[in-house]
Number of protein chains: 4
Amino acid sequence: MVKVGIVGGTGYTGVELLRLLAQHEDSEVVAITSRAEAGRRLDELFPNLRGYYDLAFSEPDVDLLASCDVVFFATPHNVAMHLVPELLAAGTRVIDLSADYRIRDAELWSQWYGEPHASPELLADAVYGLPEINREQIAKAQLVACPGCYPTAIELGLIPLLESGLVEPSNIIASAASGTSGAGRQAKIDNLASEVSGSFKAYGVGGHRHLPEIEQCLSLLSGSDVSLTFVPHLLPMVRGIHATLFARLNKPGEQSIEDLQRLFENRYRDEPFVDVLPNGTFPQTRAVKGANHCQLSLMIPQQRDTVVVMSTIDNLVKGASGQAVQNMNIMLGLPEDRGLRQVGLLP
Amino acid sequence: MVKVGIVGGTGYTGVELLRLLAQHEDSEVVAITSRAEAGRRLDELFPNLRGYYDLAFSEPDVDLLASCDVVFFATPHNVAMHLVPELLAAGTRVIDLSADYRIRDAELWSQWYGEPHASPELLADAVYGLPEINREQIAKAQLVACPGCYPTAIELGLIPLLESGLVEPSNIIASAASGTSGAGRQAKIDNLASEVSGSFKAYGVGGHRHLPEIEQCLSLLSGSDVSLTFVPHLLPMVRGIHATLFARLNKPGEQSIEDLQRLFENRYRDEPFVDVLPNGTFPQTRAVKGANHCQLSLMIPQQRDTVVVMSTIDNLVKGASGQAVQNMNIMLGLPEDRGLRQVGLLP
Amino acid sequence: MVKVGIVGGTGYTGVELLRLLAQHEDSEVVAITSRAEAGRRLDELFPNLRGYYDLAFSEPDVDLLASCDVVFFATPHNVAMHLVPELLAAGTRVIDLSADYRIRDAELWSQWYGEPHASPELLADAVYGLPEINREQIAKAQLVACPGCYPTAIELGLIPLLESGLVEPSNIIASAASGTSGAGRQAKIDNLASEVSGSFKAYGVGGHRHLPEIEQCLSLLSGSDVSLTFVPHLLPMVRGIHATLFARLNKPGEQSIEDLQRLFENRYRDEPFVDVLPNGTFPQTRAVKGANHCQLSLMIPQQRDTVVVMSTIDNLVKGASGQAVQNMNIMLGLPEDRGLRQVGLLP
Amino acid sequence: MVKVGIVGGTGYTGVELLRLLAQHEDSEVVAITSRAEAGRRLDELFPNLRGYYDLAFSEPDVDLLASCDVVFFATPHNVAMHLVPELLAAGTRVIDLSADYRIRDAELWSQWYGEPHASPELLADAVYGLPEINREQIAKAQLVACPGCYPTAIELGLIPLLESGLVEPSNIIASAASGTSGAGRQAKIDNLASEVSGSFKAYGVGGHRHLPEIEQCLSLLSGSDVSLTFVPHLLPMVRGIHATLFARLNKPGEQSIEDLQRLFENRYRDEPFVDVLPNGTFPQTRAVKGANHCQLSLMIPQQRDTVVVMSTIDNLVKGASGQAVQNMNIMLGLPEDRGLRQVGLLP
């Protein structure tokens with residue numbers, strides 16, 4: 001049994017890790033920390049876990065965490081980067097769900113996160129945990145930085161187009177929308193049900209922190225600088241991300257939609273968690289609610305020069321905790337879908 | 001491997017059976033019928049099932065169904081009662097999720113369902129599939145009538161009180177509320193998102209078809225006629241039933257809330273799917289979303305003479321397809337929670 | 001033009017007052033206070049008001065408020081009771097939307113609100129602002145205590161039954177449900193969209209602060225002690241209260257549903273904002289969304305001995321700010337529906 | 001008093017016309033037709049109208065309609081085009097909320113709507129009812145074709161950019177999302193609450209019928225062919241459209257966001273129903289819920305070469321019935337905001 005520790009277990013990615021790991025046959029959660037809730041039983045805070053865990057939150061204790069095989073950080077940014085060096089030194093594997101190790105350039109990180117990086121020396125070794133592009137490095141990694149939720153949906157939707165060089169990298173648009181759980185379990189007026197229900201809005205258009213992460217990933221894949229216009233929106237629902245992606249074909253008319261469909265199907269043929277829908281159908285977030293799948297489809301409206309890709313994930317699963325478990329499975333040589341065969345909750 | 005057939009697989013209880021059975025190690029769905037969708041792949045209608053089933057809907061075929069070990073009816077009422085006799089004759093076990101065999105009195109059935117019963121001779125042998133009261137009979141049954149969704153929530157909330165004779169059976173009130181999936185996957189204006197979202201209303205107050213079923217079950221348990229005032233309401237959400245139950249204590253003041261709490265905990269101690277919450281907490285439907293659990297709690301407001309029980313289930317799981325699978329497990333001698341260890345999807 | 005002041009304008013009852021008063025031809029808002037937002041334009045916080053108000057929040061200033069004809073308190077409890085004496089002394093009329101003057105017994109108030117009342121000498125003169133029972137006193141009052149949201153819905157549903165003595169006052173049940181706006185515009189985890197959406201639960205069963213207010217009002221009307229079992233629930237939607245009320249007929253069989261229907265219709269014939277629906281129909285909260293109406297209907301299920309009343313309001317309108325404006329109109333001799341002819345927003 | 005007739009009053013644009021006209025001082029609805037509901041009182045179908053109309057639906061009767069001053073068509077497409085000629089001949093003014101007269105080219109109309117146009121001779125005289133570009137022609141028109149809901153939001157967001165020639169007309173992207181009421185009051189499985197709630201998806205990407213209407217309008221304004229990639233999405237909420245628009249600046253770097261802000265503010269300075277929000281804020285659909293306003297804002301993310309405009313309306317008000325009333329007011333020389341001073345219902 002793999003001994004698992006979780007740092008910061010009172011947020012939504014924390015409870016989601018616990019939900020998934022409750023059905024993971026080869027692992028056992030031995031420690032879950034929270035300064036604020038230390039001493040309180042997990043299932044008091046999260047009654048869906050009743051009967052699955054006989055465990056309470058504990059104060060963060062590096063020794064206990066270091067005794068685990070794997071430690072997940074389900075914390076806001078600026079926590080992991082202080083604790084990770086010690087855990088790595090102790091030989092523990094670390095899977096960070098926060099943003100601390102996603103951006104390779106410490107300078108750029110600081111610019112977007114407003115403070116110096118606390119362990120910049122680890123950035124080069126941290127592996128970006130998107131299995132669809134980095135499976136081999138993840139298998140060998142000691143530190144994996146799980147992608148953000150928007151980045152996961154957007155990158156999976158664009159990878160085949162950018163790898164193949166079929167679209168202009170300098171003019172890509174991502175109009176994406178997220179359920180409210182993406183904003184975390186924090187007491188803010190803007191996230192109240194009375195503020196969010198029955199309404200829809202864009203936010204962060206001036207510069208969302210996921211922008212540099214996405215541009216970094218896509219630029220590496222395409223071999224040239226990708227310039228993305230990224231507009232996130234807030235949906236009146238809890239779970240799910242839908243990204244609608246627009247790219248200009250380099251040679252419109254040369255590729256039919258059938259060609260592109262084939263390109264995507266081939267690219268993702270062996271991926272257990274990326275599912276290219278039949279041409280003409282549209283992904284809906286509910287089909288992947290609670291599931292680790294990304295479902296996507298694509299079109300060339302009016303057979304003009306713009307290709308549209310629609311990509312959906314559950315932001316808490318493939319966009320966070322599910323992908324983290326997928327990374328753990330890869331790192332430990334377990335079957336990649338262990339604990340992740342959850343069928344989407346539809347309706 | 002248990003060979004499973006499903007009649008009427010295009011509704012919400014059908015897709016929910018498929019979701020649960022996809023994770024049931026000991027069974028395999030070999031036939032799923034639908035006249036309307038015959039020939040169409042399951043996952044075309046229900047994209048959450050992609051990757052889990054390589055199967056299409058088929059025309060109802062009694063021979064094929066009769067070759068199954070178990071057949072589920074996920075149909076509206078008035079379908080099973082015509083087909084079941086033939087399946088039973090062939091030795092197939094039948095689990096009916098519809099109302100056809102829930103009421104033992106054929107006369108009463110006809111009165112509420114507006115037509116004569118087609119196989120009244122089976123009513124005496126059909127076992128009411130609430131494992132918490134009928135586990136042994138279910139284990140031996142060939143025909144199980146799964147309780148309705150409201151009845152499950154209401155009965156589980158009242159069983160300890162009525163069995164113990166602590167409350168007046170003639171004056172019980174159930175104010176219950178259901179998500180929209182309880183109304184089924186049928187094209188009706190009243191169930192449109194534009195009609196239901198952001199609104200709440202009672203319905204069926206004059207007489208909901210679940211009333212006689214509940215009164216029959218509770219009267220048997222209490223040994224005297226139970227008279228229930230039952231008001232269902234429609235919630236602006238998809239899944240979940242919450243029943244708020246009011247009963248008058250026979251001897252107010254003699255029982256403390258602690259006594260009642262102990263009564264409930266003892267009654268359900270060994271039940272894998274009924275969970276009595278600590279006193280002072282309130283069940284919320286999301287804690288059991290997608291799960292087969294009933295969570296409940298109770299209070300005596302102002303220490304007066306009325307006990308209030310709050311009982312929550314997912315109407316599609318413990319209120320329908322999950323309970324059906326639980327019954328199958330019992331009938332076949334499988335572990336009762338096989339395929340049913342789904343943690344509630346919270347948030 | 002009536003000069004209006006509003007104390008505490010940053011909550012939902014504050015913005016709702018502003019929405020209604022924007023269409024009130026005879027009044028003008030001259031001051032709206034908020035310590036936290038002083039100096040900020042109203043329409044910056046509430047963009048729906050753009051074009052209707054050229055006004056900013058100001059620090060509370062008793063002189064400015066005292067110069068108004070009417071001052072509304074749209075504050076949490078424990079604010080009005082400190083400021084009102086000074087305003088009354090200055091001759092200003094006060095309409096308090098908070099709980100400070102709803103309960104006549106200062107002892108009882110303190111017991112439920114956890115602190116001594118700051119101006120108990122005013123309790124006897126404060127008029128309970130439910131026009132359907134107190135219209136004449138309201139017209140002469142200088143201080144009106146607007147009823148709570150649940151109390152409004154519940155009292156309007158029970159008044160005809162208790163005034164007429166047709167039901168047992170000692171055994172009344174109110175199972176009520178409210179949209180999230182009833183919890184106010186405060187940053188609390190429990191009220192996050194991610195916590196509330198797609199879920200339903202009871203709360204405050206042990207003792208909600210609206211209980212003594214309702215029992216006081218109904219006991220006065222019935223002439224004997226009313227004992228209410230009150231269970232509030234939280235709905236996954238923003239606006240609306242639905243109360244489902246259960247009372248035992250004193251002489252079951254003597255009154256038909258037609259008799260009760262007539263009783264209700266006669267009682268509310270001249271009420272501009274209480275609407276008894278035709279027998280057999282059910283009120284839905286959306287029909288009164290944004291409107292000052294209470295819509296209600298009633299039944300005697302199975303012609304037994306329990307009468308069920310369903311009563312709906314918009315908690316922010318008839319349950320708070322609309323009723324406050326209605327009271328202002330009455331106090332000032334204006335047409336009672338001035339500013340209140342808003343048709344419910346359906347769909 | 002203006003005598004108003006409404007053809008097809010049982011849909012959502014019909015009930016919304018009734019809601020708005022209930023507060024319109026200068027008009028009176030004298031006839032509202034519905035074959036399906038003839039004889040039934042309006043307020044039986046739409047209980048929010050109780051107390052406002054003492055009227056029943058009637059069979060369509062051309063003579064009665066012809067006796068009205070104005071007739072609104074709140075019908076699906078393919079109804080108005082058969083009846084309008086007769087009404088115009090009788091001198092009645094017609095405001096068509098359907099698509100029948102929006103596209104000037106009968107050939108193009110047939111291509112998108114799948115049948116020949118029944119009165120193509122009227123297309124040249126029909127005025128496209130977007131007051132912000134056609135106010136003078138509307139004032140003189142006898143037949144006004146109200147824009148679709150998506151077109152209204154999208155066109156208002158793009159007009160200043162295209163009129164000024166600042167962006168490339170050949171590469172414009174509209175990623176828009178609508179509440180469910182846009183799909184109408186029709187019994188379809190896809191629009192059930194259980195299908196739509198808690199989920200989000202794109203649809204109609206291959207070619208939505210609003211595409212040619214938008215391209216026609218914008219091409220006229222820009223003086224060259226506008227090519228639009230239009231992706232509509234379905235929101236889990238009832239009312240509201242949010243359009244997120246992307247256009248490439250012809251001379252990036254030459255215009256600052258302040259220049260564009262000024263351009264928009266100047267263009268809409270005198271428009272009563274278009275509201276340019278302060279730079280840096282984002283429109284939210286709830287701020288215009290129930291209101292006839294369009295609120296919009298714009299940004300140039302990362303100061304690159306793409307301008308993003310966000311535009312919000314209530315699809316049933318400015319996107320349909322409110323705009324229709326606005327057109328009526330203009331046609332009849334009434335104050336343009338008569339009946340339309342509804343403040344958005346926030347929260």
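This dialogue works through a few local features of a predicted model.

Reader: Before we look at single residues, what conventions apply to numbering, chains and confidence in this predicted model?

Author: Residues are numbered from 1 along each chain as its sequence is written, while chains are lettered from A and ligands numbered from 1 in the order in which they are written. Since this is a predicted model, local features need pLDDT of at least 70 and side-chain atom pairs count only at pLDDT 80 or more, although totals for chains, interfaces and linings use all residues, and side-chain values rest on heavy atoms, with hydrogens and water left out.

Reader: Which residues does the cis peptide bond in chain C join?

Author: In chain C the cis bond joins C:Leu346 and C:Pro347, with omega about 0 degrees, and C:Pro347 belongs to the segment after helix H11 (317-331) of that chain. Helices here are DSSP runs of H or I with at least four residues, strands are runs of E with at least two, and both are numbered from the N terminus. In chain D a cis peptide bond joins D:Leu346 and D:Pro347, again with omega about 0 degrees.

Reader: How should I read a positive phi, and where is A:Asn78 placed?

Author: A:Asn78 has a positive phi of about 80 degrees although it is not a glycine, and it sits in the loop between strand S3 (70-73) and helix H4 (80-89) of chain A. Its relative accessibility of 24% makes A:Asn78 partly exposed, where buried means under 20% relative accessible area, exposed over 50% and partly exposed in between, using a 1.4 Å probe and protein chains only. A:Gln302, also not a glycine, has a positive phi near 55 degrees; A:Gln302 lies in the loop between strand S12 (294-299) and strand S13 (306-313) of chain A.

Reader: What does UniProt list for A:Cys149, and is A:Cys149 buried or exposed?

Author: The unreviewed UniProt entry lists A:Cys149 under "active site"; such positions follow the numbering used here, feature names are shortened, and annotations may be inferred rather than shown by experiment. A:Cys149 is in helix H7 (residues 149-163) of chain A and counts as buried because its relative accessibility is 12%. Leaving out residues up to four places away in sequence, its contacts, meaning heavy atoms within 4.5 Å, include A:His210 and A:Asn315.

Reader: Where does D:Thr285 lie, and which residues does it contact?

Author: D:Thr285 lies in the loop between strand S11 (274-276) and strand S12 (294-299) of chain D, and at 2% relative accessibility it is buried. Setting aside neighbours within four places in sequence, D:Thr285 is in contact with residues including A:Gly198, A:Ser199 and A:Phe200, as well as D:Arg239 and D:Thr312.
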